[in-house]
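Please go through the model below with an eye to its pocket, its aromatic pairs and a few individual residues. The questions after it are meant to be read beside the coordinates.

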Amino acid sequence: MIPTPPPSSATKKNSAPAWRRYLPHAGGVLLLGLIVAGLWPRPVPVEIATVTRGPLVVTVDEEGMTRVRNRYVVSAPVAGHLRRIDWKAGATVEAGKTVIATLETGGADFLDARSQAQAEARVHATEAAREAALAQRDRANTAAKMFGADYDRLKELFGKKVLSQQEFDAAQMRADTAAQEARAADFSLKVAEYELEQARALLVRGSGAGNAEPLVITSPVSGKILRVFQESERMVPAGFSLVEVGDPTDLEVRIEVLSRDGVAIKPGARVMLEQWGGPEPLQARVRWVEPSAFTKISALGVEEQRVYVVADFADPIEQRPTLADSYRVEARIVTWENPEALRAPSGALFQRGSKWQTFIVDGGRARLRNIKVGRGNGLETEVLDGLRPGDQVVVYPGDQVADGARIDPLSLDGR
């Protein structure tokens with residue numbers, strides 16, 4: 001029997017499994033695939049938001065300060081020795097009854113012939129002023145009554161949906177403005193009557209009748225003492241300010257805005273007052289924009305032209321019982337609003353040349369689209385053409401986002 005020789009190394013190599021021969025090639029292909037996958041552009045992670053239809057409000061946001069609408073500074077009518085004023089700010093006073101201050105004139109208010117004639121002329125002037133104030137009050141009351149009745153009629157029509165919101169707001173503004181003017185006219189009449197009484201009293205004292213007695217100064221109007229200018233007793237000249245009196249519940253708001261913003265603010269515009277200390281914002285209406293601006297240096301040292309906007313409270317006093325004179329508020333003055341505007345985030349819109357554009361999400365890719373925009377408030381912008389409700393847009397697109405680029409959306413509105 002002939003022995004079988006052992007297999008050679010070449011025979012062992014040829015008898016190895018065939019798949020082992022392709023391992024180096026497979027490894028090379030796998031390595032190449034990994035390199036390609038690593039270098040392949042990945043989807044760009046982006047934030048997206050949905051275009052919706054709803055209310056859009058454009059406002060001018062500035063700080064404001066409350067102030068008593070009608071105030072009166074009580075002054076010393078003649079020179080004399082002022083007795084100590086014991087009143088404090090916040091004390092309640094009644095017109096013609098509450099004694100504000102007492103002056104000891106010591107006969108210094110005795111009038112010579114010339115001063116006597118001047119005092120008589122002053123009495124006649126204050127009498128004429130009182131008659132004018134009386135006529136103004138009657139006219140203001142008549143206008144308030146007429147506009148109030150007109151508002152009541154239009155309120156019924158508005159409830160029946162036969163009157164537009166704009167017409168109803170205009171009627172409400174006219175009624176509120178007329179009511180405020182009636183209150184101001186009544187205040188002016190009280191002041192005119194007080195000044196007439198003071199002029200007559202000085203004329204009587206100047207003639208020598210009773211000028212040995214101290215001069216008693218009463219409150220011209222009912223309300224509260226806002227501030228006391230001179231508390232300690234001292235010698236005061238004629239015309240020296242003593243106290244300031246007013247009604248702290250009769251408030252208005254004075255808002256300081258840039259003159260370029262004041263141009264867009266119209267009487268009757270809605271105002272929302274925030275950060276005043278209460279839980280809910282207060283509502284007000286612009287009464288007028290002052291016709292003269294002033295220069296103010298900003299915190300950055302830039303000269304700015306600013307103008308005051310005066311607004312009346314629309315909410316009842318019960319909603320702001322602790323709000324008083326010279327309190328700070330943050331005002332948002334509405335210059336434009338649309339209850340059914342097509343809204344898109346302002347961060348999703350950008351301008352190239354003269355065109356406004358945005359990226360919309362289309363099948364996992366960003367598509368560049370030209371649009372037409374309207375007004376905006378910094379957060380949202382009205383889209384007039386180019387988008388539809390429900391479209392998703394890329395917010396704050398970076399340099400990596402281009403037309404047709406693959407994107408990985410991350411929704412901002414939870415959708």
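The questions and answers that follow go from the whole chain to single residues.

This is a predicted model, in which local features need pLDDT of at least 70 and side-chain atom pairs count only at pLDDT 80 or more, while totals for chains, interfaces and linings use all residues. Residues are numbered from 1 along each chain as its sequence is written, and side-chain values use heavy atoms, with hydrogens and water left out.

Q: How many helices and strands are there in the protein?
A: Helices (H or I, at least four residues) and strands (E, at least two) are taken as DSSP runs and numbered from the N terminus. On that basis the protein has five helices and 22 strands.

Q: Among contacts between residues at least 6 apart in sequence, what percentage join residues at least 24 apart?
A: Contact here means heavy atoms within 4.5 Å. Among the contacts between residues at least 6 apart in sequence, the share that joins residues at least 24 apart is 77%.

Q: Which element supplies the largest share of the lining of the largest pocket?
A: A pocket is an open set of points, on a 1 Å grid over the protein atoms alone, where a 1.4 Å probe fits and protein lies on both sides within 12 Å along at least five of seven lines; lining residues have an atom within 4 Å of a point. The largest pocket is lined by 15 residues, with Q166, D169, G268, A269 and R285 nearest its centre. Both α4 (165-206) and β16 (328-345) supply at least two lining residues each, and the largest share, five residues, comes from α4.

Q: What is the volume of the largest pocket?
A: Grid points are joined across faces, edges and corners, and a volume is the space filled by probe spheres set on the points. For the largest pocket this gives about 430 Å³.

Q: Is R306 buried or exposed?
A: R306 lies in strand β15 (residues 303-313), and its side chain makes a polar contact (N or O atoms within 3.5 Å, one able to donate a hydrogen and the other to accept it; residues adjacent in sequence count only if both atoms are side-chain atoms) with the side chain of E304 at 2.9 Å. Leaving aside neighbours within four places in sequence, R306 is in contact with residues including E62, E256 and F294. Buried means under 20% relative accessible area, exposed over 50% and partly exposed in between, with a 1.4 Å probe and protein chains only. Because its relative accessible area is 11%, R306 is buried.

Q: Why does the pair of F294 and Y308 count as tilted?
A: Rings of Phe, Tyr and Trp (its six-membered ring) pair if their centres lie within 6.5 Å, and planes under 30 degrees apart count as stacked, over 60 as edge-to-face and the rest as tilted. A search of the whole structure finds two aromatic pairs. In one of them the rings of F294 and Y308 have centres 4.9 Å apart and planes at 35°, so the pair is tilted. This pair links F294 in strand β14 (residues 294-297) with Y308 in strand β15, 14 residues apart.

Q: What is the relative accessibility of F359?
A: F350 and F359 form a tilted aromatic pair, 5.6 Å centre to centre with 35° between the planes. F350 is buried, with a relative accessible area of 17%, and F359 also counts as buried, because its relative accessibility is 3%.

Q: Where is P397 found?
A: P397 is partly exposed, with a relative accessible area of 25%. Leaving aside neighbours within four places in sequence, P397 is in contact with G347, F350 and F359. P397 is found in the loop between β21 (392-395) and β22 (407-411).

Q: From which residue does the backbone oxygen lie 2.7 Å from a polar atom of the side chain of T358?
A: T358 is found in strand β18 (residues 355-362) and counts as buried at 0% relative accessibility. Beyond four places in sequence, T358 touches residues including F350, R367 and V393. The backbone oxygen 2.7 Å from a polar atom of its side chain belongs to A348.
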